[in-house]
Amino acid sequence: MGKMLLPALLLTAALLTPEMTSAQDATTFEQFLQQYRCPVVDRLQRIYATGDPEKFQDEYLILDMPPLRENYVQCLFYRADKIMCEAASGFYLNAPGEPRTMYLPAGAIAALARLGFSTDDSQGNFRIDLDLANPPDFNAIATLMLRALYDAYGARAQTKLDFHAPYAEQAGSKCTPVS
């Protein structure tokens with residue numbers, strides 16, 4: 001239990017005390033959460049309900065920002081009690097063997113670090129591996145994903161997000177679109 005408590009406390013602290021430049025920024029983040037938290041939570045719940053991730057290999061959710069699909073956050077349930085999330089680093093943008101052309105600015109990497117993501121992009125994306133509570137806190141996972149998009153990639157309430165999830169491609173009926 002103690003092993004799971006520390007990551008949970010770090011995640012909670014990161015989500016509750018992000019660096020804010022102004023009160024307007026806080027309001028803008030709240031608007032972004034209002035726009036997207038329900039559809040993200042809904043998809044995470046449906047993906048997790050698919051069953052044992054060791055049997056169903058595609059239990060993931062990717063959020064990206066068209067037309068800049070290289071700006072994304074993705075999470076994968078890989079065990080019933082574990083989830084791994086990644087924030088795009090630019091590492092996979094070019095074909096293998098081609099020189100890398102995209103790197104995140106230092107401020108974006110620092111924002112991801114505050115959320116608990118690794119800062120090493122020499123072999124792939126920025127990662128965070130989390131223990132899942134029983135039952136999982138889908139709200140906290142959704143907030144982590146959205147906070148990463150907001151802080152590192154500049155997503156806002158008016159930003160169109162695309163969702164990619166083999167087990168939950170369409171929005172569920174419980175989320176009413178905000179107009």
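User: How many disulfides does the structure hold?

Analyst: This is a predicted model, and it holds one disulfide. To spot a disulfide, look for a pair of cysteine sulfur atoms within 2.5 Å. Here Cys75 and Cys85 form the disulfide, with their sulfur atoms 2.0 Å apart.

User: Which parts of the chain does that pair link?

Analyst: Cys75 sits in strand S2 (residues 68-79) and Cys85 in strand S3 (residues 82-87). The two cysteines are ten residues apart, and the pair is taken to link distant parts of the chain.

User: What about handedness: why is the disulfide of Cys75 and Cys85 right-handed?

Analyst: Check the torsion about the S-S bond. For Cys75 and Cys85 that torsion is about 110°, so the disulfide is right-handed.

User: Are the two cysteines, Cys75 and Cys85, buried or exposed?

Analyst: A residue is called buried when its relative accessible area is under 20%. Cys75 comes in at 2%, so Cys75 is buried. Cys85 has 0% relative accessibility and counts as buried too.

User: What share of the contacts join residues at least 24 apart?

Analyst: Take the contacts between residues at least 6 apart in sequence: in this protein chain, 69% of them join residues at least 24 apart.

Definitions and conventions: Residues are numbered from 1 along each chain as its sequence is written. This is a predicted model: local features need pLDDT of at least 70, side-chain atom pairs count only at pLDDT 80 or more; totals for chains, interfaces and linings use all residues. Side-chain values use heavy atoms; hydrogens and water are left out. Helices (H or I, at least four residues) and strands (E, at least two) are DSSP runs, numbered from the N terminus. Buried means under 20% relative accessible area, exposed over 50%, partly exposed in between (1.4 Å probe, protein chains only). Contact means heavy atoms within 4.5 Å.
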